[in-house]
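The reader is asked to keep the structure in view throughout.

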Amino acid sequence: MTFIQNALAGRVALITGGGSGIGLGIAKAFAGAGGRLVLASRDLDKLEGAVSELRDMGAEALAVRADVRNFEEVEAAVRSALDAFGSLDIVIANAAGNFIVPAAQMSPNAWKVVIDIDLNGTFHCARASYEALKASRFGGRFIAISTTRALEGWPGCAHAGAAKAGIMSLVRTLAGEWGPDGIRCNTIAPGAIGDTEGAKRLYEDRGEASHQLAQIPLGQFGKTDDIAKAAIYLCSEAGDYITGADLVVDGGRERGHSGVGAPKVMARDRGRA
Ligand code: NAP
């Protein structure tokens, strides 16, 4: 695709949670767009597998073990990127944890764990990468992966919903504070992304898939590649004048669903419902 070819040539990206799901999808698309990659998460074996896939594609890539809850480990991941590639132009704060439990039964520890990974982890990534992003010759990019559920309330996931809403506020603040340094700060809010473990757990395993599908005007679940293309848009020259935005990539689920039967008819007509 012409818009994507070489769109990230010369740029170095750190992606947390880059060994699976949406993070890996972004990593592969960035590799295809000419980017150099640093993948960070807790499971180094998983990351090494992902990195060898990226190298097979011809990309330069590196795996770094880091738990985003630990600021020093995130700082070390940023240093590894600088040591290996000499610069850091893009940070994708994608790592997250989530599990379904109603608020009335949620332990304070469960609440804290999810807030710690999602919200504190995103702040750690931003804070640790600020100087490097400021020095980027392309204009740094900080992208946090949010969710369309962040601002509408998310029954069963109070911890993750609150963390993601906090992330959206944080990123808007960073856009204001870091704009003068040339750093563009945005969130991407995926809807239901079908080819991920998260969507499998949240929807398929609970028999919710067809109900969810019926609420998507475009009549299909998203793909990790849809999120990756949005990330390339924001992180390439195409996104030069975009900061403080929440880019919704959800097939119309959040804002286009009227609550009546039309989307169901569309989905059935296409043989997907
Ligand atoms: P996933 O495959 O489970 O990815 C989560 C990643 O985060 C894993 O690679 C995991 O790697 C990493 N991670 C978890 N805890 C970590 C920690 N403490 N430190 C460092 N890394 C950690 O899930 P996904 O579905 O692709 O989700 C990716 C992002 O998209 C998340 O922010 C999620 O909230 C968001 N999202 C997903 C959907 C969807 O439909 N899937 C919809 C909306 C938003 P390790 O286990 O190796 O640490």
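A crossing of two helices is called right-handed if the near helix is turned clockwise from the far one by less than a right angle, and left-handed if anticlockwise. By this convention H1 passes H8 in a right-handed crossing. The model described here is a predicted one.

Two packed helices are described by the angle between their axes and the distance between the axes. Helix H1 comprises residues 21–32 and helix H8 residues 224–235; their axes lie 8 Å apart, at an angle of about 55 degrees. Such an angle makes H1 oblique to H8. On the side of H1, the contact is formed by Gly-21, Ile-22, Gly-25, Ile-26, Ala-29 and Phe-30. H8 contributes Thr-224, Asp-225, Ile-227, Ala-228, Ala-231, Ile-232 and Cys-235. By class, the residues of this contact of H1 with H8 are nine nonpolar, three polar and one charged.

The next helix pair is H4 with H5. Their axes come within 8 Å of each other and cross at roughly 15 degrees. Because angles under 35 degrees count as roughly parallel, H4 is roughly parallel to H5. H4, too, passes its partner H5 in a right-handed crossing. From H4, the residues that meet H5 are Ala-110, Trp-111, Val-114, Ile-115, Asp-118, Leu-119, Thr-122, Phe-123, Ala-126, Arg-127 and Tyr-130. The residues of H5 that they meet include Ala-158, His-159, Ala-162, Lys-164, Ile-167, Leu-170, Leu-174 and Trp-178. The contact of H4 with H5 divides into 16 nonpolar, three polar and three charged residues.

H4 also packs against H3. Here the angle is about 35 degrees, and the axes are 9 Å apart. H3 passes H4 in a right-handed crossing. Phe-71, Val-74, Glu-75, Val-78 and Leu-82 of H3 make the contact with His-124, Cys-125, Arg-127, Ala-128, Ser-129 and Ala-132 of H4. Seven of the residues in the contact of H3 with H4 are nonpolar, two are polar and two are charged.

The lining of the second largest pocket has six nonpolar, one polar and four charged residues.

The largest pocket has a volume of about 1,000 Å³. Of the 44 residues that line the largest pocket, those closest to its centre are Asn-94, Ala-96, Gly-97, Gly-198 and Arg-201. The elements that give two or more residues to its lining are H1, strand S2 (36–41), helix H4 (108–135), helix H5 (158–178) and helix H6 (197–204). Among these, H6 gives the most to the lining of the largest pocket, with six residues. In the lining of the largest pocket, 18 residues are nonpolar, 15 are polar and eleven are charged.

How many cavities of 30 Å³ or more does the structure hold? It holds two cavities of that size. The largest cavity has a volume of about 40 Å³. The residues lining the largest cavity are Leu-14, Thr-16, Ala-40, Ala-66, Val-68, Val-74, Ala-77 and Cys-125. Strand S1 (12–16) and H3 each supply at least two residues of the lining of the largest cavity. The lining of the largest cavity has seven nonpolar residues, one polar residue and no charged residues.

The second largest cavity likewise holds about 40 Å³ of space. Gly-194, Ala-199, Lys-200, Tyr-203, Glu-204 and Phe-221 form its lining. By class, the lining of the second largest cavity has three nonpolar, one polar and two charged residues.

Methods:
Residues numbered from 1 in each chain as written. Predicted model: local features only at pLDDT ≥ 70, side-chain atom pairs only at ≥ 80, totals over all residues. Heavy atoms only, no water. Axes fitted to C-alpha atoms, helices over the stretch in contact; angles between N-to-C directions. Helix = DSSP H or I, 4+ residues; strand = E, 2+ residues; numbered from the N terminus. Parallel < 35°, antiparallel > 145°, perpendicular 65-115°, else oblique. Contact = heavy atoms within 4.5 Å. Nonpolar A, V, L, I, M, F, W, Y, C, P; charged D, E, K, R; others polar. 1 Å grid on protein atoms, 1.4 Å probe; cavity = no way out; pocket = protein on both sides within 12 Å on 5 of 7 lines; lining within 4 Å. Points joined across faces, edges and corners; volume = space filled by probe spheres on them.
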